[in-house]
Protein chains: 4
Amino acid sequence: MKLWEKGYKLDQVVEKFMTGDDPQLDQALISYDCLGSIAHAKMLEKIGILTADDYQQLKEALCTIISSAEAGTFRIQFEDEDVHTAVENALIAKLGNLGKKLHTARSRNDQVLLDLRLYSRDWLLILMDEVLNACTVLCHFAEEYQFIPIPGRTHFQRAMPSSLGLWAGAFAESLLDNLELFKTTYWLINQCPLGSAASYGVSLEIDRAFTSDLLAFRDVQNNVLYANNSRGKFETVILSTLVQVMNDLSKLSTDIIIFSAPEFGYLSLPEKFCAGSSLMPQKRNPCPLELIRAKSATVQSFLIQSLEIIRALPSGYNRDFQETKRPLMQGFETTWSSLKVFSKIFSELKVQPDQCLAAFSSELFATDKVLSCVKMGISFREAYKQVAMEPQSVSMEDPIHNIKSKTHLGATGNLGLKQSLDKIKQTRTWIHQLQELWKAKKHSLTGS
Amino acid sequence: MKLWEKGYKLDQVVEKFMTGDDPQLDQALISYDCLGSIAHAKMLEKIGILTADDYQQLKEALCTIISSAEAGTFRIQFEDEDVHTAVENALIAKLGNLGKKLHTARSRNDQVLLDLRLYSRDWLLILMDEVLNACTVLCHFAEEYQFIPIPGRTHFQRAMPSSLGLWAGAFAESLLDNLELFKTTYWLINQCPLGSAASYGVSLEIDRAFTSDLLAFRDVQNNVLYANNSRGKFETVILSTLVQVMNDLSKLSTDIIIFSAPEFGYLSLPEKFCAGSSLMPQKRNPCPLELIRAKSATVQSFLIQSLEIIRALPSGYNRDFQETKRPLMQGFETTWSSLKVFSKIFSELKVQPDQCLAAFSSELFATDKVLSCVKMGISFREAYKQVAMEPQSVSMEDPIHNIKSKTHLGATGNLGLKQSLDKIKQTRTWIHQLQELWKAKKHSLTGS
Amino acid sequence: MKLWEKGYKLDQVVEKFMTGDDPQLDQALISYDCLGSIAHAKMLEKIGILTADDYQQLKEALCTIISSAEAGTFRIQFEDEDVHTAVENALIAKLGNLGKKLHTARSRNDQVLLDLRLYSRDWLLILMDEVLNACTVLCHFAEEYQFIPIPGRTHFQRAMPSSLGLWAGAFAESLLDNLELFKTTYWLINQCPLGSAASYGVSLEIDRAFTSDLLAFRDVQNNVLYANNSRGKFETVILSTLVQVMNDLSKLSTDIIIFSAPEFGYLSLPEKFCAGSSLMPQKRNPCPLELIRAKSATVQSFLIQSLEIIRALPSGYNRDFQETKRPLMQGFETTWSSLKVFSKIFSELKVQPDQCLAAFSSELFATDKVLSCVKMGISFREAYKQVAMEPQSVSMEDPIHNIKSKTHLGATGNLGLKQSLDKIKQTRTWIHQLQELWKAKKHSLTGS
Amino acid sequence: MKLWEKGYKLDQVVEKFMTGDDPQLDQALISYDCLGSIAHAKMLEKIGILTADDYQQLKEALCTIISSAEAGTFRIQFEDEDVHTAVENALIAKLGNLGKKLHTARSRNDQVLLDLRLYSRDWLLILMDEVLNACTVLCHFAEEYQFIPIPGRTHFQRAMPSSLGLWAGAFAESLLDNLELFKTTYWLINQCPLGSAASYGVSLEIDRAFTSDLLAFRDVQNNVLYANNSRGKFETVILSTLVQVMNDLSKLSTDIIIFSAPEFGYLSLPEKFCAGSSLMPQKRNPCPLELIRAKSATVQSFLIQSLEIIRALPSGYNRDFQETKRPLMQGFETTWSSLKVFSKIFSELKVQPDQCLAAFSSELFATDKVLSCVKMGISFREAYKQVAMEPQSVSMEDPIHNIKSKTHLGATGNLGLKQSLDKIKQTRTWIHQLQELWKAKKHSLTGS
C-alpha cells in the first residue's frame, strides 16, 4: 500500500522500475527513520497535534521496529516502495488511526533527507576512525623502518636516496590532511532538514529547532527549499572527501605492487593475502591491492554520477535524486572495506632490508655531490653541469648514513612522526565526543 | 576449494574483499562458461588430449550444469570464488580425475574473456531489438500525430512551428543511427579469445580456429596478449554505445516532462505511470521519466569507471579488470529496463491537440514572414531587420497549414518515416539471422 | 637554454609536445615565482650560502622581473620551457655567476608547487569574494521580492505555494555553505612545500620554517615526499570546491531559463543580456545562462581530468602532473567569470508580479487544505485521502496571504535573511584579513 | 556587427563571456564555412533565389576568403562573434546587398553543424592515417624483435615467457580494431545537415540532396530536428573513438616507462626524447610518454564534458552546445600530436637484448612444465598441484627456443603480422579514395 494511493494502480513494469533497489538499500535506514519519527512525534506533541499518550504509543511502536530492524526481522517489502512507507504501514497496522497522524507536517522528501543525514553522520565518524587506523599503521611502519633506505624515484627513474620511513610517513600526512575535509563535510551535513517538507514548509506552527536539538544536529537547515536542493549536493561533498581517501590508497597500492615485484623486492606480501593463478602454479598475486586501486576509480565514478545527476536539475525535489542513493551508500562501504583491507595488509607487510640496500647505485648520490661542491663555493648551476658531464665522478655512498644525515624539517633524518601521532590522538577524541553525544541523544529519544 | 590452492589459506577479510560480488554476478555466466568448456573439450579431443569418451562424459556433465543453471538450482558458492571454479569443482565431484583435465591449455583469463563475449553478444542483440521496438513506437506516434503542430523551440524559447511528428521522428532517426554503433560493436567483440590463456599462449598445438568456429565467432582474436589487453577495452566500446541510447532516452524524457507540465499540456501521462506524493494529495509525477534521465548519468558513470580502471594499466591481466564486470552487466540491464519502460509509456502517451494549438502565438511565424519577403525580392538580411524592428507586423497563421506546407526533405510536411520503418525491418532481419546462427551452433554443441 | 642541459638537444617535435602551453600558462606565475625566489634567497643568506650582498642583488633583480611581469613585458619564451627557467636565465643574464647560485637546495618540483600554492591562495580569496557578491545580490533580491508568490514545484509539477524570496534565499544559503568548503580548502593548501626539492629533501641545513613564514604560510608541509605527492591532490580539492559553486549557478540558471520562458514569464531578462538568432528575427535568448549551465559541466570535467591523472601514479614527481595545470587555471577563471556574469544579470532581472500571481491554481492549496483538516482533528492520512479523492473540494486562496502566514523557521514567511547577511559580513572580514597579511608579507619581501 | 542586431547593444561583460574563444576556435572553420556557403549559393541559384550572376559573384568572393584564410590573413574579430558572422560581414562589405541574400534558408545552427562535419571528416581521415603510421611502426618493431624474449607479466608479477614481438603486435592489432570504430564514426557523421536551419526547416522549396551531393556527403541527414539534436551527440561519438586510441597509447607508454626503468632495462630511449631535472644532474626522464599517458585522461575528460553537457537538454538548439566545440577540437589535436610523438619515439627505441635475456628465471617455465606433464598423461590439475608444491622442480629453459616453439595462432612463434600489414594497406586505400573524392568535389565547387 503506497502512502499516496488514491484509487489507481501502477503499471507493473513501471512500478518495478521506479521502486528499483530502494527496498534493499533502505534496510540500512530503518533505525534512522524511526529515530527521526520519534523526534518528529515529540515535536507534534509539543505543538499540540498529538497527545502525550499518542506520543508514548508511537514512540513504543517505533522502538519495537528499531529492535526488529537490529534483529534483522523487519523487511521492507517491494509493495512498500521504501522505508518510510513500510514504517507508516507497520504503525497503522499496530496503532490504527494513530499511525495515520504521524506524517502530519512532513513529506517523504524531508524524511529521506533526514535519514540520509543521520546515516551519513554515523558513517563519516566510522570512516574517520578507519582512516586513523590506517594512519597509525603507517606511522608505526615509518618508525620501525625509518632508516631502511630505498632509492627515491621521480618519473619512475632513480632520483635520490629515500627511505621506507619517508615513504610511509608521506601517506600518513596525506590521510591526516583528508581528515580536515571529513570534519568540514561532517559540519556541513550536520544540519537538520526536518520540517522543510516538500520544499515549501507547512501551514502549521512546527518547532524545527526542537527536533533539530533532539537529533543532535548542529543547527536547523534554515531555508526549506535549500533543504531539498541540498539533496545530491551533500552527497557530492561526501563523495569528494571519500575520493581523496581512495586516491591515497590507490597511490599507496601502486607503490606496494611495484616495491614487491621481483625486480624490486623491497617488500613482500604474506601469502595469505595473495591469490594464485588457475594456470600458472608459481603465481602469488597482489590482488587485494590491485582491487583497491580499481575501486578508487569506482568511488570516483560514484562522485561523477552524483554530480552529473544533479548538475542541471530545476529547484525542488526531482525523482532523479533517488539515483544518488546507491552511489552514496556503496561509496561509504567501498571506502570502508578498502581501508580495512589496506590496514590489515600493511600491518603485516614484510620488509627485505637487504634488497633495499642492494638497489642503490652511485647515480643516486649525484645531487648530493652537486651540493657538496656548492658547500665548497662553486655556484649550483656550474656544479650541476660538471657532475652532469662527468657522471662517473659520482661515487657510491653509504645510503643509511646519507638518509640519517638529512635533518631539515620533513627530510629522511627528521620525519616528524610525533606530530602525526599527536594529531591522530586528538582526532580520536573529537570523534569519540561526537559519538557519545549522539548516543546520549538516542538514549533520551528511545528511553522511557 | 580454489583452483590455485597450494597449501595456504587466504586471510578471511581479504578473501571476502577479493571475491566481492563475483559469485552473484557470475550466475549470469554459467551457461556461457559451460558452452565454452564444451567447445574447448571438443578441441582437446581433436588434438588428442582427451579421448572421445572423455569428451562425451564432460559434455554431458556440462549440459547437466547448463540445465541446472537454467532451472536456477546451480548456485556459485562464496568459497568457489567464481563461475570457472564452481564449474570445475562440480565436474571433479562428478567425474573425478577427468574433471581435472579440462583446464588444460587455458586460463581463467581467457575463460572469463570468452564468457563475457558470449554474454555481451547475446545482450547486444537483445538491446538492438529493444531499440527497434522504441523506434517503432516513435514512428507510429509520428505517423499518427504527424500534423499536430507544437511550437518548435530553441534556447527554451519559442522559435518556429514544429509538430509532434517531427519531434518523434527525430528520435527515431537518432536511435536508428545508434544501431550502426551497435553493429560495429558487435563485429568488434565477435572475436574468439580462447587459447590466449594467461596472455602468453600455451606450449600445446591447440586449434584456436576450431573452437572459434564452434562458438560462432567471426574470427579468432589473433595476438594472445591483445586478447587480454582487450579486457576492459571492449567493455568501454560497448558502454560507449549504450550511453548513446541512454542519452537519447534522457533527452526524450526531458522533453516529455516539459510537454506534460501544466504550463504546456501537449501530452499527458496515464496515471498508471505516475507516482504520487506522501504529502500533497493532488500530485501525479512523471517519476519513470525522471529516473530514465537520471539513469543516463548512471550508465555514463559506468563508462567512465571502466575507462578509468584500464587507462594506465600495464599489459597483461591485472586484477583491476574484475571491477569492470559490474558496470558492464548493470549497463546492459539498466539500458534494457529503460528502453522497456520508455516504449511502454510512450505507446500510451495521450496527446492534447487543443493544448498544442492553443500554444501558438504570432511570433512563431516571424521567420516565415521574412522568407515571404525574400520571395518578393527583398534580400534576406534586410527582410530580417524589418521584421525584427516591427514584430507586431507578423500575424498569426494557421499552424496546421504551415507545417503541412513545408515539404523539403525532413521538414514537417515530409518526415520520411517510411525510410525509418524500412530500416527497422532490415535490422530485425539482421538480428534474427545472427540469433539463428548461434542457436544452431549451440544445438550442435549440446546435442547428442 | 634548459636548466638541465648537458650536451644534447631534444628532438623538435617531442620538445614542442613536452613544452605544451606551459610558456603561456606560466605567465600567470611569474610574480609568484619571483616572490618565492626572494624568500628562498633570504633563507640561503641566513644559512650562509649567499652573502648579504648576493641576496640584495638577487632581490633587486627579482623585483625588476616582477615589475616587468606586471607591465606585461616579461615574456616566457618557448626555449625557456617554463617560468622557472625563464627567471633563472634572466638572472644569469643580468648577474652572471650569482644567478647560478639561486637554485641551490631546491628543484623545479618544489618551485612549481610553491608557485601554484601562492597563485591558488590568491584565487581562492578572490573567488570567495565573488561568491559573497552573488550571495548579496541573491539576498537583496529575496528581500525585495519576499512576498511575490510563485507556484513551488516538485517533479516539474505544481506542488505548493512558494515565493521568489524563498527561491533566491535558498541559493544564498547554498553558496554560503560552499564558503566553508573554501575555507577548509584554503587552510589545506596553505602549507609551504619549499625545501622538499625533488621529493627527497637536500643535504644542506635549510630552514624551511623561515621561508614558510616569509611567505605567510600557515605551516611548513612537513614530509618532503608528501609535498610532491600532494601535486594534483590539492588541485582536485580546489576543483571539488569550485564544482559546488558551478553546480549551484547551473541550477539557478536552469530555474531562470524556465521562469523567463514565455509559458512562465515570472522573470524577464533585460535585452542587453540576450543574444538573437541569425534566422529568426523575434528571438531574445538567455545565452549567458545556458553557457553558465554548460560551463558547470566543463569545470566538472576539469575535476575528473585531474582526479584521473593522479589516481594511480606511483609516488614522487611524474610528468603527468604538468597536465593538471591547465584544468586548475581554467577552473579558476571559468568559475570567476561565471560568478561575475551571474551577479550582473541577476542584479538586473525584472520581476513580473502579475504573471507570478496569474500562475496560481487551486491545486497548489491542496496540502494546506489537508493540514487544515488535521487541525480539526482528522488524522493526516485520512485527510490526505479525502482531498485526493475530491480534488475539486480544494478552493483557490490568496497566495500572498498564504506565503506570509507560514512563519516557522525557513518558511516563506520567515526567510531568515539577516542571518545570511551577517554571515556575508563576517566572511568578508576574514578574507580581508588574509589579504592584508599577505600584502604586508609581500611588502617586506620586496621592500628595501 | 552581429547578424541579429536589432536596435540594442549587449552588456560588455556578458558579451565577452558569450563570445568566449569562438573567434579563435572558428579560425579553423573558415574554409569549411565558405565551401558550405558556395554549395548553398549554388542551390539557391538552382531554386531561383539567386541569379547565375549572383552565384558567380558570391562564389568568387568566398574563394577569395578561402585564399585569405589559407594565407592566414582573414582574422575573425571579437565583434564578429563567430566565423559565420565574419564571413557574411565580409561579403556585404564587398558585394553590398547581394551579400545579404546568402543567409536565405539557413541558420547559423545548420551552418555550424555543417562546418564541424566537414572539419571532423577531414580530421578523422588524418587521424586514421596517423593510426596506420603507428601500426606500421609497431609491426616493423614486432618483426625485427620477434624473437627477443621478455618475461610476460600478469598482476605485475612474472608469469610466462613472452617476446617483444608479441608485445608490439598486440598493440598493432588493438589500433587496427580502433579503425573499425573510426570507419563507423566517419559513416555516421557523413550526413549533410544543411537545410535543417534552426531545427524546423524553412518555408522555401530548398533542394537538400543537391547541396549534400556537392559537399560529398553520403546522404542528407533527414529529420531537421534530428540534425540539431545531433549537435554534441556526434561529437561524443567521435570522442569515444579518440579515447580508444589514447587509451592504447597510454597503456603502451606505461609499458615502455616500465621496460626502460633501470630495474628492467629491456628498452632505452634515445636521450633526444628525454628531458632532464633542474636539480639532479644524472636524470633522463621519459617525459613525452608520461605526457601521452596524462593526455589520455585529458581526452577522456573531453568526452565526459561533452556527454554531460548534452545529456539532459531539451530538443532543439541550446547555447550549451557552444561549449562542446573546444573539447572536440582539442580532442583531435591532442590525439594527433600524441600519435605523432609516439610513432617518432617508438621508431627509434633501442632494444637491449642482453637485459631481456637476463630477466629470465626458472619460475617463468612452471606452466610449460605443467603442460609437459599433461602430455605424459597426468591430469592438468594434478600436474599443476605437483609443480605448485615443488617449485624448485622447475628448471630454467632456453627462452628463445621456448617462444619460437609456441606456434598456435597468435602465439609468440606465430604472430600473424602479415595479416596486420595487409589490413594497414587496405585501409590506406580506403582513406585515400575518400580524400580524393572530397578533393574533386572541392575543385568543382571552387573552380571556374
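Welcome to this structure, a predicted model, where chain A and chain C are joined by 6 salt bridges. One of these links pairs the side chains of A:D248 and C:K233, with 3.2 Å from N to O.

**Where chain A meets chain C**

Let us stay with this pair of chains for a moment. Chain A brings 115 residues to the contact, and chain C brings 115 residues as well. The size of an interface is often given as the accessible area lost when the parts come together. For chain A and chain C, that area is about 9400 Å², and carbon and sulfur atoms account for 56% of it. Looking at the side that belongs to chain A, the residues that lose the most area to chain C are A:Y200, A:R311 and A:H408, which together make up 9% of what that side buries.

Polar links are found here too: 64 residue pairs are in polar contact across the interface of chain A and chain C, counting pairs with both residues at pLDDT 80 or more. Sorted by class, the side of chain A that touches chain C holds 50 nonpolar, 38 polar and 27 charged residues.

**Where chain D meets chain A**

Now turn to another pair, chain D and chain A. Their contact takes in 40 residues of chain D and 41 residues of chain A. Between them they bury about 3500 Å², with 56% of that area coming from carbon and sulfur atoms. Three residues of chain D, namely D:H155, D:E263 and D:P281, supply 19% of the area that chain D buries against chain A, more than any other three residues.

Which elements of chain D give two or more residues to the side that touches chain A? They are the strands β1 (149-154) and β2 (157-163) and the helices α10 (233-259), α11 (287-310), α14 (366-375) and α15 (380-389). The largest share comes from α15(D), with 5 residues. By class, this side of chain D has 21 nonpolar, 9 polar and 10 charged residues.

The two interfaces can be read one under the other:

| Chains | Residues in contact | Area buried | Salt bridges | Polar contact pairs |
|---|---|---|---|---|
| A and C | 115 residues from chain A, 115 residues from chain C | about 9400 Å² | 6 salt bridges | 64 residue pairs |

**A loop residue in chain A and chain C**

Next comes a backbone detail. A:F156 sits in the loop between β1 (149-154) and β2 (157-163) of chain A. Its phi is near 60°, a positive value in a residue other than glycine. A:F156 counts as buried because its relative accessibility is 7%.

In chain C, the residue to look at is C:F156, placed in the loop between β1 (149-154) and β2 (157-163) of that chain. C:F156 has a positive phi of about 60°, although it is not a glycine. Its relative accessible area is 7%, so C:F156 is buried.

**Cysteines**

How many disulfides does the structure hold over all chains? The count is 0. Take B:C34, which is in no disulfide: the nearest cysteine sulfur belongs to B:C63 and is 8.4 Å away. B:C34 counts as buried because its relative accessibility is 0%. D:C373 has a relative accessible area of 8%, so it is buried.

D:Q27 lies in the loop between α2 (22-26) and α3 (30-46) of chain D. Apart from its neighbours within four places in sequence, D:Q27 is in contact with D:F74, D:R75 and D:I76.

Finally, C:N89 is part of helix α5 (residues 83-95) of chain C. Not counting residues up to four places away in sequence, C:N89 touches C:M1, C:L3 and C:D80. C:I49 is 40 residues from C:N89 along the chain, and their C-alpha atoms are separated by 20 Å.

How values were computed
Residues numbered from 1 in each chain as written. Chains lettered and ligands numbered in written order. Predicted model: local features only at pLDDT ≥ 70, side-chain atom pairs only at ≥ 80, totals over all residues. Heavy atoms only, no water. Contact = heavy atoms within 4.5 Å. Buried area = accessible area lost by both parts, 1.4 Å probe. Helix = DSSP H or I, 4+ residues; strand = E, 2+ residues; numbered from the N terminus. Nonpolar A, V, L, I, M, F, W, Y, C, P; charged D, E, K, R; others polar. Salt bridge = Lys/Arg side-chain N within 4 Å of Asp/Glu carboxyl O. Polar contact = N/O pair within 3.5 Å; in protein donor to acceptor, adjacent residues only side chain to side chain. Disulfide = S-S within 2.5 Å. Buried < 20%, exposed > 50% of the residue type's maximum accessible area, 1.4 Å probe, protein only.
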